[in-house]
Amino acid sequence: MAARAATRPAFPLAAVADALSDSGDLWAVFSWSYRTLGAPVAQLFRLLSLHPGPDVTVPAAASLAGVPPARARRLLAELTRAHLLTEQAPGRYDTHDLLRAYAAELTRRWDGGTDRHAALHRMFDHYLHTAHSAALLLDPSRDPLSLVPAQPGVTVHPLIDHDEALAWFAAEHTVIIGAVQHAAEAGFDTHAWQLVWTLADFLTQRGRHDPNASGLGDDTLTHYRHALSQWEKLTESSGKGRTHLSLALAFARQAGYSDTLRHSEQALHLFRAAGHQIGQAFALVGMWWAHGQLGDHRRALPACQEVLSLYLQIGDRYGQAAAWDSLGQTLHHLGRHAQAVASYQEALTLFQQLGERYGEAYTLTRLGETQRAAGEHEAAYRAWLRALSILTELGHPDAHTLRTRLHALFFAPTHDVAAAR
């Protein structure tokens, strides 16, 4: 209504209001603004309904329309002036759900199925190719995917370093999660699973895990075993190693730690044969985890030490931080508290340098547990307070658990309170 009144200053407001009351049709009201748009702007408005939301950037909009970013920026500015979009943050645009529904009806009416499919393809290419480069900046040791080249008209957001990749994922991960489901529903199966691959490190490092991840059933194991039987027909070692790792993870989620250990050991043998260092590290992590869950921390220790050595050779600082933390856990269980604290301090330094807030909070929580076990109650209290502050800032559900633990241990009338003071 405001846009209609603004574009027709000679009209009395009463006439504008009468038109609204007479129409009785919200779509007709929206059409007042839509009909003022030029053809390219109107087309972008329609195609934006294909975006998974909650907001869209200039490169994503440019990819949807198949136009250069500078032109997309001008088109978005026109839609904003027409009050069909809102620039809710610099370079990020959103729209009301009713306007999105109106645009979706228009694109079904005016844009052919081939055009909509091509727009979706360009949009998924934008997110996949940008997210893939971001994932490799977060962890250069990962084996890159074999991506199909992006479609003509796709804009890939340029990212330079780890910090830019981290910031891009922080801003876009909600959109990408929506794009995964959207891609699967629209028949872009390869885009769907490859987008999941790109998100893995970012979500893990932020402590955001799929609540359904523990629901893997017999079908999952059947598919992995079938994949393994196919790999057995080939001489390539890395593929078989990756499948053994997948089986190890599937069994770990079902608490089948003996099977986790067996498949991790087989993966390690295959990755060593292939000279695949990062695969060896992953397999050793599986062995460390399985030994620990089985209560055999003495055998977990050399596996963890070898993981750390590999990540130092590779130069993977995030891997080093995680390995130092794992080493601290194992030393804690072996009663070597001073060495555990030193390991946690190494992990903390790296997590802080990397800006990995969840990793820092996770290690601080472990550090507090070791310090309390060593009788250093005041130090444990400080570590847990720092962890709680970070988890609260991140809005992570573990904040509630840690807050409850702090209250129970340090504010309840027990001997721990006196010791802490």
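Let's start with the lining of the second largest pocket, by residue class: five nonpolar, two polar and four charged residues. Keep in mind that this is a predicted model.

Who are these residues? The lining includes the charged residues Arg366, Glu369, Asp398 and Arg405. Thr365 and Thr401 line the pocket too. Then come Tyr358, Ala361, Tyr362, Leu391 and Leu402.

Which elements give two or more residues to this lining? Two helices do: α18, residues 357-373, and α20, residues 398-410. Helix α18 gives the most, with six residues. And the volume? The second largest pocket comes to about 210 Å³.

Next, a pair of helices. Two packed helices are described by the angle between their axes and the distance between the axes. Our pair is α4, residues 39-47, and α7, residues 97-110. Their axes come within 7 Å. They cross at roughly 110°. Angles of 65 to 115 degrees count as roughly perpendicular, so α4 and α7 are roughly perpendicular to each other. The crossing of α4 and α7 is left-handed.

Which residues of α4 and α7 meet? On the α4 side, look for Phe45, Arg46 and Leu47. On the α7 side, find Leu99, Tyr102, Ala103, Leu106, Thr107 and Trp110. By class, this contact has seven nonpolar residues, one polar and one charged.

Note on methods. Residues are numbered from 1 along each chain as its sequence is written. This is a predicted model: local features need pLDDT of at least 70, side-chain atom pairs count only at pLDDT 80 or more; totals for chains, interfaces and linings use all residues. Side-chain values use heavy atoms; hydrogens and water are left out. Axes are lines fitted to C-alpha atoms, for helices over the stretch in contact, and angles run from 0 to 180 degrees between N-to-C directions. Helices (H or I, at least four residues) and strands (E, at least two) are DSSP runs, numbered from the N terminus. Angles under 35 degrees count as roughly parallel, over 145 as roughly antiparallel, 65 to 115 as roughly perpendicular and the rest as oblique. A crossing is left-handed if the near helix is turned anticlockwise from the far one by less than a right angle, and right-handed if clockwise. Contact means heavy atoms within 4.5 Å. On a 1 Å grid over the protein atoms alone, a cavity is a set of points where a 1.4 Å probe fits but cannot get out, and a pocket is an open set with protein on both sides within 12 Å along at least five of seven lines; lining residues have an atom within 4 Å of a point. Grid points are joined across faces, edges and corners, and a volume is the space filled by probe spheres set on the points.
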